Amino acid sequence: MDDLALVLTRFVSGEDTSLAAANSLEVLLDDAYPDDELVQSAVMSLAMYRPGGGSFLLDTPEIQRRLHRLRDYLAHRT
């Protein structure tokens, strides 16, 4: 779970918004919370992430907003 918190914090802060980080978050979130609908929605959003956005894709600021809300949710979930 520490890896998840670290990757999530680095992404939200803008320290690492790479596709590799997004892919890592997808896997970490899916493995940690397979039955949580809100988390699974974030996993789907991450699958649509591209740094520059595009048709049917989400850009960095949008994913950061969504992940910031998710981080708050997860902090209060425990």
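Reader: Where is the place of F56?
Author: This is a predicted model, in which local features need pLDDT of at least 70, side-chain atom pairs count only at pLDDT 80 or more, and totals for chains, interfaces and linings use all residues. Residues are numbered from 1 along each chain as its sequence is written, and side-chain values use heavy atoms, with hydrogens and water left out. Helices are DSSP runs (H or I, at least four residues), numbered from the N terminus. F56 has its place in the loop between helix 3 and helix 4.

Reader: Is F56 buried or exposed?
Author: F56 is not a glycine, yet it has a positive phi of about 65°. Buried means under 20% relative accessible area, exposed over 50%, and partly exposed in between, with a 1.4 Å probe and protein chains only. The relative accessible area of F56 is 79%, so this residue counts as exposed.

Reader: How is helix 3 oriented to helix 4?
Author: Helix 3 and helix 4 pack at an angle of about 155°, with their axes 11 Å apart. Axes are lines fitted to C-alpha atoms, for helices over the stretch in contact, and angles run from 0 to 180 degrees between N-to-C directions. Angles under 35 degrees count as roughly parallel, over 145 as roughly antiparallel, 65 to 115 as roughly perpendicular and the rest as oblique. Helix 3 is therefore, relative to helix 4, roughly antiparallel.

Reader: By class, how many residues in the contact of helix 3 with helix 4 are nonpolar?
Author: Helix 3 contributes L38, V39, A42, S45 and L46, and helix 4 contributes I63, R66, L67, L70, Y73 and L74, where contact means heavy atoms within 4.5 Å. Ala, Val, Leu, Ile, Met, Phe, Trp, Tyr, Cys and Pro count as nonpolar, Asp, Glu, Lys and Arg as charged, and the others, Gly among them, as polar. Besides one polar and one charged residue, the number of nonpolar residues in the contact of helix 3 with helix 4 is nine.

Reader: Within what arc do the buried residues of helix 3 fall?
Author: Helix 3 comprises residues 37–47, and its buried residues are V39, A42, V43, S45 and L46; these pack against helix 2 (19–32) and helix 4. On the other side of helix 3, E37 and M44 are exposed. The arc is that of the directions from the helix axis to the C-beta atoms. The buried residues line one face of helix 3, because seen down its axis they fall within an arc of 160°.

Reader: How is helix 1 oriented to helix 4?
Author: Helix 1 (residues 2–13) packs with helix 4 (residues 60–77) at an angle of about 140°, and their axes are 9 Å apart. The two helices are therefore, relative to each other, oblique.

Reader: In what crossing does helix 1 pass helix 4?
Author: A crossing is left-handed if the near helix is turned anticlockwise from the far one by less than a right angle, and right-handed if clockwise. Where helix 1 passes helix 4, the crossing is left-handed.

Reader: By class, how many charged residues has the contact of helix 1 with helix 4?
Author: From helix 1 the contact draws on L8, T9, F11, V12 and S13, and from helix 4 on I63, Q64, L67, H68, R71 and L74. Six of these residues are nonpolar and four are polar. The number of charged residues in the contact of helix 1 with helix 4 is one.

Reader: How far apart in space are S13 and Q64, C-alpha to C-alpha?
Author: S13 lies in helix 1 and is exposed, with a relative accessible area of 52%. In sequence, S13 and Q64 are 51 residues apart. In space, their C-alpha to C-alpha distance is 8.0 Å.

Reader: By class, how many nonpolar residues has the contact of helix 1 with helix 2?
Author: Helix 1 and helix 2 pack at an angle of about 140°, their axes being 10 Å apart, which makes helix 1 oblique to helix 2. D3, L4, V7, L8 and F11 of helix 1 meet A21, A22, S24, L25, L28, L29 and A32 of helix 2. Alongside one polar and one charged residue, the number of nonpolar residues in the contact of helix 1 with helix 2 is 10.

Reader: Leaving aside its neighbours within four places in sequence, which residues is A22 in contact with?
Author: A22 has its place in helix 2 and counts as buried, at 1% relative accessibility. With its neighbours within four places in sequence left aside, A22 is in contact with F11, L46 and Y49.
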